[in-house]
Amino acid sequence: MVRFGIIGTNTITEKFIQAGKQHGQFELQAVYSRSKERAESFASQHGARETFTDIEAMAANPNVDAVYIASPNAFHMEQAVTIMRKGKHVLCEKPMGSNRREIAMMMEVAETEGVTLMEAVKSTVMPGFLSVQNHLHKIGKVRRYVGNFCKYSSRYDAYKQGEVLNAFKPELSNGSLMDLGIYGIYPMIVLFGAPNNIKANAVFLDSGVDGQGSIVADYDDMEGVIMHSKIIDSHAPSEIQGEKGTILIPNISEPRDITILYRDGTEEKLDYMDEYLPMYYETAEFMRIVEKKETQTNNHSLEHTLLTAEVMEAARRQIGLMYPSDQW
């Protein structure tokens, strides 16, 4: 069994727990919250054995093997380092750090302490994405990758009424690029590596974060196009465009229902087994590498995390979005 502590009592944490419980070796041991009442309520709801209002105490608990972090982005680095210093493994929500510097520090601590550190990006370990990789050769020379994730935030209505919630606070290292743009960038890095350079644009909100934006990434013989937004919806699929055909991915954050449209007019639905909740696959991969005492996996590595952070930091420099932890 891998006994988890969790930081963050929110919707994404609930999804993580539901997915984790589909795995026979997952056990929810502890819940951390700044509020004792909130921790106890959440623990009772989800069957956790212990509650904490002190992260150091949870990290030192011998009954906790690993911690899932789903706090605001600005807190990830400090919390992860605290936990890893106690010899615990960390699965940290994306983006894993506010910038490249923070992520590099987290990686250094993980190596020093001999623990597993993994960014919780679910898409590239889901069966649909693995199928895309297996069939990518069928579309010939790839000329363009399009990663499109535009989703009207459930918190945007409150923002328009004058209530600025965490999702739109720059002091928490938030905004459209960090929260949603990463879903388009990370798969591009896994499939095609780091681009030669990028050009970024953004639409800013009065709070100081980007409400939406785009990135064009330059490769030697192709380009990547990333579109992201928290203030509009897009129903257009993501695509990988090749000289022999195009792969359509309806939801880049959860790759499913994928189709290849060939130039001769034929279609191919990609066939694969996908029987679990979306967050199950990242949780299972994390638990696998913890058990095997490995550090990372081919489709989900700290190198991918670092390269993705470099693209996002380059984009933020261009659009002028700076966070308190940045040292530019």
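**Buried histidine, helix packing and nonpolar cores**

Histidine 46 is buried (under 20% relative accessible area, where over 50% is exposed and the range in between partly exposed, with a 1.4 Å probe and protein chains only), its relative accessible area being 10%. The model is predicted, so that local features need pLDDT of at least 70 and side-chain atom pairs count only at pLDDT 80 or more, while totals for chains, interfaces and linings use all residues. Residues are numbered from 1 along each chain as its sequence is written, and side-chain values use heavy atoms, with hydrogens and water left out.

Histidine 46 lies in helix 2 (residues 36-46); helices (H or I, at least four residues) and strands (E, at least two) are DSSP runs numbered from the N terminus. Residues up to four places away in sequence aside, Histidine 46 touches Glu14, Ile17, Lys21 and Leu28, contact meaning heavy atoms within 4.5 Å.

The largest nonpolar core comprises 43 residues. Such a core is a set of buried Ala, Val, Leu, Ile, Met, Phe, Trp, Tyr and Cys residues joined through side-chain atoms within 4.5 Å. Helix 8 gives the most to this core, with 12 residues. A second, separate core of 29 residues includes Val2, Phe42, Ala48 and Phe286.

Helix 4 (residues 76-84) and helix 5 (residues 100-113) pack at an angle of about 5 degrees, their axes lying 10 Å apart. Axes are lines fitted to C-alpha atoms, for helices over the stretch in contact, and angles run from 0 to 180 degrees between N-to-C directions. Helix 4 and helix 5 are therefore roughly parallel to each other, a term for angles under 35 degrees.

Terms used
Angles under 35 degrees count as roughly parallel, over 145 as roughly antiparallel, 65 to 115 as roughly perpendicular and the rest as oblique.
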